Amino acid sequence: MMKMRETIRHRPLVLLALLATLLLTSGCNSNPEASPTPSGNVPKETIPRDEIIAEIGDVSISRQQLMDRLLSEYGYQTLRNMMLIEAVNKEAKLFGINVTDDELEQELSLMKQGYDDEEQFYQAMKEQLNMNREEIWEDARYRLLLEKLSIRDVEVTQSEIDLYLKEHHEEFEPRKQFRIAQIVVESKSEADELVSQLANGADFGALARTHSLDDFTADEGGELGWVENRDPFEDPELLLAADSMQVGEVTGPILTEKGYVIIQLNGRKVLDSKTNEEIRSEAKRQLALGKAVSLRDLEQALLDKYKATVREPLLEY
């Protein structure tokens with residue numbers, strides 16, 4: 001099961017590329033006197049032919065209309081993001097703060113958790129956010145740089161770290177992932193019958209396609225994919241059972257909110273085996289972020305510090 005870590009901050013680049021294309025291809029052909037229809041579009045005959053980018057019935061949509069709509073709806077946020085990148089880079093340079101390749105790699109590794117492999121992660125980012133590899137790296141770098149700026153003057157004692165590790169020890173235990181297939185049925189009697197068939201050599205995938213009530217996995221032979229042992233979206237009893245299984249083993253039925261579940265463990269792996277120094281460093285970072293000004297407030301403070309000014313009325317917030 002893939003879950004996207006909630007760290008992608010902004011997505012202005014596609015809009016910027018589109019606006020740049022429209023601006024480059026627009027010249028002095030726009031007709032400011034053309035009167036729009038109630039929907040905001042303009043009759044075909046009032047717009048120069050080379051300015052029309054879409055038509056529907058007797059109404060046309062001009063390049064200028066699209067530009068105005070994009071700017072009014074997304075322009076301010078896009079421009080703000082651009083100014084924030086500049087402000088954060090200026091502040092980081094001022095205090096000699098940077099993000100190392102190792103730190104960036106570690107952050108990206110966290111983002112990739114829950115995906116079968118790196119290729120699947122980048123494909124998901126492309127489909128969901130239309131971001132390529134370079135854009136994802138730049139976004140991650142921005143966030144790490146902003147975090148470092150926020151905790152620059154925050155002090156954390158060793159005793160605070162000790163207490164934090166004692167109270168949150170489970171966060172730093174090696175994390176496990178299980179590759180699980182499942183069959184979900186309504187009654188225990190049906191589940192018991194399927195378990196019996198599996199014990200006699202029946203194919204798990206075939207039974208899942210025929211009997212499972214779970215629409216998301218049935219057609220895939222019950223394949224749920226890789227799931228973390230602390231996944232909040234999965235039933236704890238199911239994850240506990242998977243943790244005690246050998247690869248290839250089948251167990252069940254397990255009573256869950258969605259019905260009686262039979263699971264097959266098709267793989268397991270351990271993630272984040274960290275050194276004590278790495279664990280204490282991460283605990284210190286979490287404590288510092290808890291004490292620091294919020295990242296949103298810091299962003300606004302940096303815009304104010306570097307006197308960010310919007311000079312285009314259409315882009316004013």
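**View 1. Strands S6 and S7 form a hairpin.** Two residues lie between the two strands. The model shown here, and in every view below, is predicted. Strand S6 covers residues 250-256, and strand S7 covers residues 259-271. The two run antiparallel and are joined by five bridges. Look for Ile 254 to find one of these pairings. The bridge partner of Ile 254 is Val 261 in S7.

**View 2. Strand S5 pairs with strand S4.** S4 spans residues 175-185, and S5 spans residues 223-228. The pairing is antiparallel and runs over five bridges. Gln 177 stands opposite Glu 228, a residue of S5. How many of the six residues of S5 are buried? Five of them are, so the rest of the structure largely encloses this strand.

**View 3. Lys 269 sits over a ring of Trp 226.** The part of Lys 269 to follow is its charged end. That end lies 4.3 Å from the centre of the Trp 226 ring.

**View 4. Phe 121 and Tyr 122 form an aromatic pair.** A pair of aromatic rings is described by two things: the distance of the centres and the angle of the planes. The structure has two such pairs by the rule applied here.

**View 5. Tyr 164 and Phe 172 make an edge-to-face pair.** Their ring centres are 6.2 Å apart. Their planes stand at 70°, an angle over 60 degrees, so the pair counts as edge-to-face. Both Tyr 164 and Phe 172 are buried.

**View 6. Helix H11 has a buried face.** The helix covers residues 295-305. Which of its residues are buried? They are Leu 298, Glu 299, Leu 302 and Leu 303. Seen down the axis of H11, these buried residues fall within an arc of 140°, so they line one face of the helix. What do they pack against? The buried residues of H11 pack against helix H2 (63-94) and helix H5 (133-150). Now turn to the face of H11 directed away from the buried side. Arg 296 and Asp 304 are there, and both are exposed. Just after the helix, Lys 307 takes a positive phi of about 55°.

**View 7. A salt bridge joins Lys 305 and Glu 91.** Side chains of opposite charge can pair when their charged atoms come close. The structure holds 14 salt bridges. In the bridge between Lys 305 and Glu 91, the closest N and O atoms are 2.8 Å apart. Lys 305 belongs to helix H11 and Glu 91 to helix H2, so the pair ties together parts that are 214 residues apart in sequence. The two partners can also be compared by accessibility. Lys 305 is partly exposed at 41% relative accessibility, whereas Glu 91 is buried, with a relative accessible area of 9%.

**View 8. Lys 148 and Glu 103 meet in a salt bridge.** The N to O distance is 2.8 Å. Where do the two residues lie? Lys 148 is in helix H5, and Glu 103 is in helix H3 (residues 101-112). The pair links distant parts of the chain, 45 residues apart. Lys 148 is partly exposed, with a relative accessible area of 25%. Glu 103 is partly exposed too, at 29% relative accessibility.

View 9. Asp 243 and Lys 176 meet through their side chains, 3.0 Å from N to O. Asp 243 has a relative accessible area of 31% and is partly exposed. Lys 176 has 27% and is partly exposed as well.

**View 10. Salt bridges join three residues into one network.** The three are Glu 107, Asp 139 and Arg 143. Their salt bridges share partners.

Key. Residues numbered from 1 in each chain as written. Predicted model: local features only at pLDDT ≥ 70, side-chain atom pairs only at ≥ 80, totals over all residues. Heavy atoms only, no water. Phe/Tyr/Trp six-rings, centres within 6.5 Å; stacked < 30°, edge-to-face > 60°. Buried < 20%, exposed > 50% of the residue type's maximum accessible area, 1.4 Å probe, protein only. Lys NZ or Arg CZ within 6 Å of the ring centre and 35° of its normal. Helix = DSSP H or I, 4+ residues; strand = E, 2+ residues; numbered from the N terminus. Pairing = 2+ DSSP bridges. Arc of directions from axis to C-beta. Contact = heavy atoms within 4.5 Å. Salt bridge = Lys/Arg side-chain N within 4 Å of Asp/Glu carboxyl O.
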